[in-house]
Structures are given as C-alpha cells and as structure tokens.
Amino acid sequence: MVTETNLYGLMVEFDEPESLLEAARRAHAAGYRQMDAYTPMPVEGLAEAIGFRTTMIQRLVFIA
C-alpha cells in the first residue's frame, strides 16, 4: 500500500550567507513562492532571492 504525504514545511540552517542566497534562488526558480528567511544579520539580496514584494500594509502601519 502506497500512501502520499504532503510537504507542509521545511527548515534549513546554513553556515554562510552565500549558501542561503543560492538555496533561496534555486527554490524560487523551482517554483516555490511561500518562503521566508530569518537571519541574525542583514543579507544583501535575500529579499529579492525569495521573491519578496512590498505591500500596502507596510505603508499603512508606518502612517498609523
């Protein structure tokens, strides 16, 4: 009997920012769109690598 399981999430830890950027670019290129990345320091280009877009919520919170 074969059962199918759905993947709901995945967590990965990287030692170097370059490895994180490469993995984020590859995941985005493979079609994954609901991603997030957390780092203890800013990583240049990470937002673009995961396909982050700005929304109106940020502006509304700033104004409020």
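A residue counts as exposed when its relative accessible area is over 50%, as buried when the value is under 20%, and as partly exposed in between. With 79% relative accessibility, Met11 is therefore an exposed residue.

Start with the overall fold. The chain contains three helices and zero strands, and reading along the sequence gives the pattern α-α-α. The radius of gyration is 15 Å, well over the 11 Å that the globule rule gives for 64 residues, so the chain is more spread out than a compact globule. Taken along the principal axes, the box filled by the C-alpha atoms is roughly 55 × 30 × 20 Å. How many of the 64 residues count as buried? The share is 11%. The accessible surface of the chain is about 6,400 Å², and carbon and sulfur atoms account for 57% of that area.

Next, look at the segment before helix H1, where Met11 is found. The C-alpha atom of Met11 is 10.0 Å from that of Asp36, although 25 residues along the chain lie between the two positions in the numbering. Phe14 also belongs to the segment before H1. Its relative accessible area is 33%, which makes Phe14 partly exposed. Together with Leu10 and Val12, Phe14 makes a nonpolar surface patch of about 310 Å².

Glu13 is another residue of the segment before helix H1, a helix that covers residues 17-29. Is Glu13 buried or exposed? At 73% relative accessibility, Glu13 counts as exposed. Glu13 takes part in a patch of negative charge on the surface, where it gathers with Asp15, Glu16 and Glu18. For the chain as a whole, there are 5 positive and 9 negative side chains. The centres of these two sets lie 12 Å apart.

Charges can also be considered in pairs. Side chains of opposite charge can pair when their charged atoms come close. To count as a salt bridge, a side-chain nitrogen of Lys or Arg must be within 4 Å of a carboxyl oxygen of Asp or Glu. The count for this model is one salt bridge. Which side chains meet in it? They are those of Arg26 and Glu22, with a distance of 2.9 Å from N to O. This distance is within the 4 Å cut-off, and therefore the pair qualifies. Both Arg26 and Glu22 lie in helix H1, four residues apart, which is about one turn of the helix. Arg26 has a relative accessible area of 59% and is exposed, whereas Glu22, at 37%, is partly exposed.

Glu22 can also be used to look across the model. The C-alpha atoms of Glu22 and Ala64 are separated by 37 Å, and the two residues are 42 residues apart along the chain. A further pair for reading distances is Gln58 and Leu20, which are 38 residues apart along the chain. Their C-alpha atoms are separated by 25 Å. Gln58 lies in helix H3, which spans residues 56-63. With 39% relative accessibility, Gln58 counts as partly exposed.

To review, the predicted chain has three helices and is more spread out than a compact globule. The segment before H1 includes Met11, Glu13 and Phe14, and the salt bridge joins Arg26 and Glu22 within helix H1.

How values were computed. Residues are numbered from 1 along each chain as its sequence is written. This is a predicted model: local features need pLDDT of at least 70, side-chain atom pairs count only at pLDDT 80 or more; totals for chains, interfaces and linings use all residues. Side-chain values use heavy atoms; hydrogens and water are left out. Helices (H or I, at least four residues) and strands (E, at least two) are DSSP runs, numbered from the N terminus. The radius of gyration is taken over C-alpha atoms; the globule rule is 2.2 Å times the number of residues to the power 0.38. Buried means under 20% relative accessible area, exposed over 50%, partly exposed in between (1.4 Å probe, protein chains only). Accessible areas come from the Shrake-Rupley method with a 1.4 Å probe; for residues, only the protein chains shown count as cover. Lys and Arg count as positive and Asp and Glu as negative; His and the chain ends are not counted. The place of a charge is taken as NZ of Lys, CZ of Arg, CG of Asp or CD of Glu. Patches are made of residues with over 30% relative accessible area and no salt bridge: like charges are joined within 9 Å, nonpolar side chains (Val, Leu, Ile, Met, Phe, Trp, Tyr) within 5 Å.
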